[in-house]
Structures are given as structure tokens and as C-alpha cells.
Amino acid sequence: MSFKSLAERQILKAQAEGQMSNLEGEGKPLPARAPGAYDTAAGMRIMADAGAVPKEIELKKEIDIQRKVVQEAEGTPNWKKEMAKLADLQLRHAIEQEARRRFFT
């Protein structure tokens with residue numbers, strides 16, 4: 001399934017559930033972007049405004065939280081387990097970033 005058809009399905013689903021009504025800026029054109037700006041930036045902003053966050057961003061937030069957990073667990077028996085969780089999150093985040101880069105290039 002292509003990104004375009006996946007995005008279209010998500011938009012249609014959100015419209016059917018009424019999530020696309022009364023949004024800030026509804027009916028207005030998107031602001032002009034700087035030359036060379038990525039096409040994904042507007043899509044990411046719209047998704048974030050609607051509360052839909054890409055997996056890559058969710059993982060980044062989880063990594064930040066897990067880093068704090070690791071710091072608090074330093075010197076305890078749970079430290080290795082928490083470090084393993086952090087490493088797993090970082091790996092998954094890197095995979096998501098690479099997938100996005102490959103998709104848009």
C-alpha cells in the first residue's frame with residue numbers, strides 16, 4: 001500500500017468520525033513555505049495539530065522518558081534491564097527514521 005493511499009484512508013476515516021470538523025485554519029490555504037522546504041513538513045504539522053503522531057515521534061518521546069528511568073535506576077539491579085529497554089527503543093526509532101528517509105527519497 002502506498003503512502004498516498006494510506007494517508008487518504010486515514011483522512012477518510014477521520015472525516016467519517018468527525019475529527020476533521022472545526023479544525024484551526026479549516027478552509028484556509030496552507031501557509032507559503034520556504035523554497036526547498038520538505039513536502040512532509042506540512043503533513044506532519046497537520047497530523048500533529050489533529051493529534052495523530054507518527055510512530056517515529058512517539059518513539060522519540062518514549063526514549064526521552066526511558067532515559068530518565070535509566071538515570072534513576074543507575075546503581076540498582078534494574079539498571080541493565082532499563083538500559084536494554086532504552087537500546088530497544090533507540091533501535092526501533094532508528095528503523096522508523098530510516099524507513100521515512102527511504103520512502104521520501
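Residues are numbered from 1 along each chain as its sequence is written. In this predicted model, local features need pLDDT of at least 70 and side-chain atom pairs count only at pLDDT 80 or more, while totals for chains, interfaces and linings use all residues; side-chain values use heavy atoms, with hydrogens and water left out.

The protein chain has a mean pLDDT (the predictor's confidence in each residue, from 0 to 100) of 83, and 90% of its residues reach 70 or more.

The structure holds 7 salt bridges (a side-chain nitrogen of Lys or Arg within 4 Å of a carboxyl oxygen of Asp or Glu). One of them joins Lys-55 to Glu-58 at 4.0 Å, N to O. These two residues are 3 apart in helix α3, about one helical turn. Also in helix α3, Asp-64 and Lys-60 lie 4 residues apart, and their side chains meet at 3.2 Å, N to O. Lys-60, Asp-64 and Arg-67 are linked in a network of salt bridges.

In helix α4, Glu-82 and Lys-85 are 3 residues apart and form a salt bridge of 3.9 Å, N to O. By relative accessible area (buried under 20%, exposed over 50%, partly exposed in between; 1.4 Å probe, protein chains only), Glu-82 is buried at 10%, whereas Lys-85 is partly exposed at 41%.
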